[in-house]
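Here are some exercises to work through with the model open beside you. Try each one yourself before you read the solution.

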Amino acid sequence: MVDYHAANQSYQYGPSSAGNGAGGGGGMGDYMAQEDDWDRDLLLDPAWEKQQRKTFTAWCNSHLRKAGTQIENIDEDFRDGLKLMLLLEVISGERLPKPERGKMRVHKINNVNKALDFIASKGVKLVSIGAEEIVDGNAKMTLGMIWTIILRFAIQDISVEETSAKEGLLLWCQRKTAPYKNVNVQNFHISWKDGLAFNALIHRHRPELIEYDKLRKDDPVTNLNNAFEVAEKYLDIPKMLDAEDIVGTLRPDEKAIMTYVSCFYHAFSGAQKAETAANRICKVLAVNQENEHLMEDYERLASDLLEWIRRTIPWLEDRVPQKTIQEMQQKLEDFRDYRRVHKPPKVQEKCQLEINFNTLQTKLRLSNRPAFMPSEGRMVSDINNGWQHLEQAEKGYEEWLLNEIRRLERLDHLAEKFRQKASIHEAWTDGKEAMLKHRDYETATLSDIKALIRKHEAFESDLAAHQDRVEQIAAIAQELNELDYYDSHNVNTRCQKICDQWDALGSLTHSRREALEKTEKQLETIDQLHLEYAKRAAPFNNWMESAMEDLQDMFIVHTIEEIEVQQLVPKRDHALLEEQSKQQSNEHLRRQFASQANVVGPWIQTKMEEIGRISIEMNGTLEDQLSHLKQYERSIVDYKPNLDLLEQQHQLIQEALIFDNKHTNYTMEHIRVGWEQLLTTIARTINEVENQILTRDAKGISQEQMQEFRASFNHFDKGDAEFNRIMSVVDPNHSGLVTFQAFIDFMSRETTDTDTADQVIASFKVLAGDKNFITAEELRRELPPDQAEYCIARMAPYQGPDAVPGALDYKSFSTALYGESDL
C-alpha cells in the first residue's frame, strides 16, 4: 500500500482547481488558484469529462480493491458516502468515524460530510463542494471532489529537488525521460500524446519490459497501448486511459494524465522503497546467517575437540603396566606418535577455536547483536579446563612410562642375574647327588677311605662356599616377587627346585660322611693286623702313599670349576668393554640433545618476549601491522625443522633409556609447551589486529583515531577516576585484564552507526505493504530464495486481530535478531 499520509499544510481544493501546465515557482495553492474554472473546462471540451470519469474511476478502484470492493459509476456509487469513506480510509491508512447505515437522504449526507470533514482535517479547504451535491449525483462536483482527493493524497507529497506536488511530479518525469530520443516532457497533456513518454518512464525503471528502440513516434496508438498493457500486467497499474481518446483529443485532459502518471511515480517510488527495505533486510540477514554459521562452526569444533579430549584422557590415565620392557617401549612409541602426530593438530584447533570465538563476539558487537553464549559445557573456559586436565594426565603418563621402563629394566636385570646364578649353581650341582650316593667306599682300602674322606672334606668346604650363592638366588627370587615380575611363577619353581636340591645335597653329604667314617674304623682294625707286615714293607708303603697323595692333590686342586672361572674372565672383560661403549654412546646422545635444546629453548623464549613488545609498539596502518605479523608468523613456522630434529634426538635418548641430562636445563616437554604457546600467542595477536580492522571498518574509525586509542590504551593512568569508570565498563567481571579490542569498543560505542530492530521492522513493514504481518509469498517475492526461506522457517505465526491464514510475525522475528526477544 502506498503511503499517502497527510502533512499539516492548508491548500484550497475545489471545482475551480484545474491544471494547465508545468507552472511556475508558486505553491500548490498558487497554481491551483490560477487555473480555469471547472465548469468552463467541461463546457469547452466534454471529452475531458469522459477521460476524467474513466481515469478517476480506475484510480479509485485501484485502492478500493484492497478493501475487496470497487465502483462502477462514479456519479452514483459515492452518493451514500460509504465507499467514499472506505476510499479515504484505504488511501490514508486511518480510521474514519463509524458510517451510518440508514438509507435515508440524511444518513447519506451525514456520511459524505464525515468524508469531507476528514479531507478538511488534512489541511484542504473545500470550495463549492457540498455533501448535498455529491448525494444528488452531481457529476462535476463528484469529479471535483475526487480530483481534490487525488491532489491531496497522490500528488501533494511528491517532492523532487526542492519542488513539490505538480512541479515535483513534472520534474521527476523530465529527469527520468531526459536520455530518451523524441521525448520532451513539458506538461501533462500534449507531451504524452505520442505515448513515448509513458514507455520511456517504464523502460527507465524496468528496461526488460519495453523494447524502446522499436517504438515509432508516428504510431502513438501502438505506443500508448503498449505502455498501458505493460503497466497493468507488470506494474499493477490499472488502465486509466484510452489510447484513442488521447490521440483523438487536441489537448488531453491534464488531470487524467497527472493522475495516471502519479501512479507510475508511486509504483516506482514504492519499488525503490521496497528494494531499499529488502537490501537492508538482506544485509541484516546475511550478517545473522554468517554469525549463525560461525556459531554452528564453534559448537561443532568445540564438540569435536571436547570429545577428543574425553577419549584421550582415559588412555593417558591408564596405568596398567605391561609385562615386558618391549611392550612398555611400544606404549612409549605410541605416546610419541600422540605428541608428534595426534596432538599438534588439536593444539591448532584449540587456538583456532579461541580465535573464531573472539572474531564472532567482535562481529556480534559490531552488528549490535547480543554476545554469543555457547551451549552448556562448551564454553571456552570448559575447553581450557579440559585441556588442562589433558596436559596433567599427559605429564603424569610420560613420567609413569619412564618409571615403569626403569622398573622393567631392573626386573630384566634381576631376572637375568637370577638365571645366570641359577644356571651356574645347577651346573655345579650336576652329578653331585650321584657322587654322594655312590657306595665306592664299600670296596675301598683304608688308604682309599682316607683319600675319599679327604675328598669329601674338600666337597663339604665347596658345598659351604656355595651356600652364599643359594641364598643370593633365593633373595633375587624374593625381590622379583616383590617387584611383581611377570614370570615370577617360573622363577619361584626354579628357586624351589634349587632349594630342595640344596637340602638334599646337605642330607646326602652328612650320610656319606657317616658311612666313610664307619668304614674307616673297620679298615683301621684290619690294618692293625697288617701292621707288622706294613712295618717290614715301610719303604715301599711310603713310596706308594706319597704317589697316591700326589695324585690326590692333583685331583683336588685342578677341578673343572677352576677351569671354568679362567674361561669367564675374558667374557667379563668383553661385557665391561660393551658397557663402556654403551655409556660413551649415551653421553654423546646427551650432549647432542643438549646442544640443540640450548639453542631452541632460548630462541622460543626470545620470540615470546618479542611478540609482547610488538603488540605494544606496532606502528603504521592496521594492514601494515597485520602483514608484518603474518610475515613474523611465517618466520616462526619456518623454524619448525629445528623442533623436528630435537624430537628425533629425544627419541634416540628415550630408546637408549637415558633418564637424565646434566648438560641442559631444557626437557623436551618444556620445549613442546613453549612452542605451542609461541604459535598460539602469535595467532591470537594476528586475530586481535584482524578484529581491530573489522571494528575500524564497521565503525568508521580513522587511522589517526586508532593511533590515539592505542596511545591511550598503552598509557592509562591507573587509579584515577576516569580509569576506574572505563574499567567498570570494559571489565565488568573485574578480572583485571582488558584487551585493546574491548577498549576500542568502548571508545567508539557512542559513534556507532548500526542497524537496529526498529529499522528492520520498518523495512519489513514496507515489504508487507504497511501490514502488521507478512506472508511467505511476499517474502519469496521480495527476498533472495535462501534468505526468504530463512525468514519463513524462523518467523512465528502472527496472532493479531487482523491476521489472515499464513500470516507471519515479522516484529518478534526482528527483535529476536537483536536479542530483544526469543525466536
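**Exercise 1.** Leaving aside its neighbours within four places in sequence, which residues is His663 in contact with?

Solution. Keep in mind that this is a predicted model. Start by finding the residue: His663 sits in the loop between α23 and α24 (668-699). Now skip its sequence neighbours within four places, and you're left with Glu587, Arg590, Arg591, Ala594 and Asn598 as the contacts of His663. Next, look at the side chains: those of His663 and Glu587 are joined by a polar contact of 2.6 Å. Finally, check the spacing to Phe593, which is 70 residues from His663 in sequence but 8.8 Å away in space, C-alpha to C-alpha.

**Exercise 2.** Decide whether His663 and Leu436 are buried, partly exposed or exposed.

Solution. The cut-offs you need are these: under 20% relative accessible area is buried, over 50% is exposed, and anything in between is partly exposed. His663 has a relative accessible area of 23%, so His663 is partly exposed. Leu436 has 5% relative accessibility, so Leu436 counts as buried.

**Exercise 3.** Describe the surroundings of Leu436.

Solution. First place the residue: Leu436 belongs to helix α15 (residues 432-437). Then list what touches it, leaving out neighbours within four places in sequence: His456, Phe459, Leu505, Leu508, Thr509 and Arg512 are in contact with Leu436. Pick Leu508 from that list and you'll find its C-alpha 6.0 Å from that of Leu436, although the two are 72 residues apart along the chain.

**Exercise 4.** Work out what the side chain of Asn661 reaches.

Solution. Asn661 lies in the loop between α23 and α24. Another is the backbone nitrogen of His663, at 3.1 Å from the Asn661 side chain. Now go beyond four places in sequence: there Asn661 touches Arg590, Phe593, Ala594 and Ile653.

**Exercise 5.** Find out how α13 and α23 are oriented to each other, and what kinds of residues meet there.

Solution. Begin with the geometry: helix α13 (residues 325-366) packs with helix α23 (residues 640-655) at an angle of about 165°, and their axes are 12 Å apart. An angle over 145 degrees counts as roughly antiparallel. α13 and α23 are therefore roughly antiparallel. The crossing of α13 past α23 is right-handed. On the α13 side, the contact uses Gln329, Leu332, Glu333, Arg336 and Arg340, while α23 supplies Glu647, Gln651, Gln654 and Glu655. Sort these by class and the contact of α13 with α23 has five charged, three polar and one nonpolar residue.

**Exercise 6.** Explain why helix α31 is described as largely enclosed by the rest of the structure.

Solution. Count the buried residues in α31 (residues 810-817): six of its eight are buried, so the helix is largely enclosed by the rest of the structure. Those buried residues are Tyr810, Phe813, Ser814, Thr815, Ala816 and Leu817. Then see what they pack against: α12, α28, α30 (785-794) and β6 (808-809). At the start of α31, a side-chain oxygen of Asp809 comes within 3.1 Å of the backbone nitrogen of Lys811. Just after α31, Gly819 has a positive phi of about 75°.

**Exercise 7.** Take α28 and work out how it packs with α31, then with α12.

Solution. Start with α31: α28 and α31 pack at an angle of about 150°, their axes 9 Å apart. These two helices, α28 and α31, are therefore roughly antiparallel. Ala757, Val760, Ile761, Phe764 and Lys765 of α28 meet Tyr810, Lys811, Phe813, Ser814 and Thr815 of α31.

α12 passes α28 in a left-handed crossing. By class, the contact of α12 with α28 has nine nonpolar, two polar and two charged residues.

Terms used:
Residues are numbered from 1 along each chain as its sequence is written. This is a predicted model: local features need pLDDT of at least 70, side-chain atom pairs count only at pLDDT 80 or more; totals for chains, interfaces and linings use all residues. Side-chain values use heavy atoms; hydrogens and water are left out. Axes are lines fitted to C-alpha atoms, for helices over the stretch in contact, and angles run from 0 to 180 degrees between N-to-C directions. Helices (H or I, at least four residues) and strands (E, at least two) are DSSP runs, numbered from the N terminus. A crossing is left-handed if the near helix is turned anticlockwise from the far one by less than a right angle, and right-handed if clockwise. Ala, Val, Leu, Ile, Met, Phe, Trp, Tyr, Cys and Pro count as nonpolar, Asp, Glu, Lys and Arg as charged, and the others, Gly among them, as polar. Angles under 35 degrees count as roughly parallel, over 145 as roughly antiparallel, 65 to 115 as roughly perpendicular and the rest as oblique. Contact means heavy atoms within 4.5 Å. Buried means under 20% relative accessible area, exposed over 50%, partly exposed in between (1.4 Å probe, protein chains only). A polar contact is a pair of N or O atoms within 3.5 Å; within protein, one must be able to donate a hydrogen and the other to accept it, and residues adjacent in sequence count only if both atoms are side-chain atoms.
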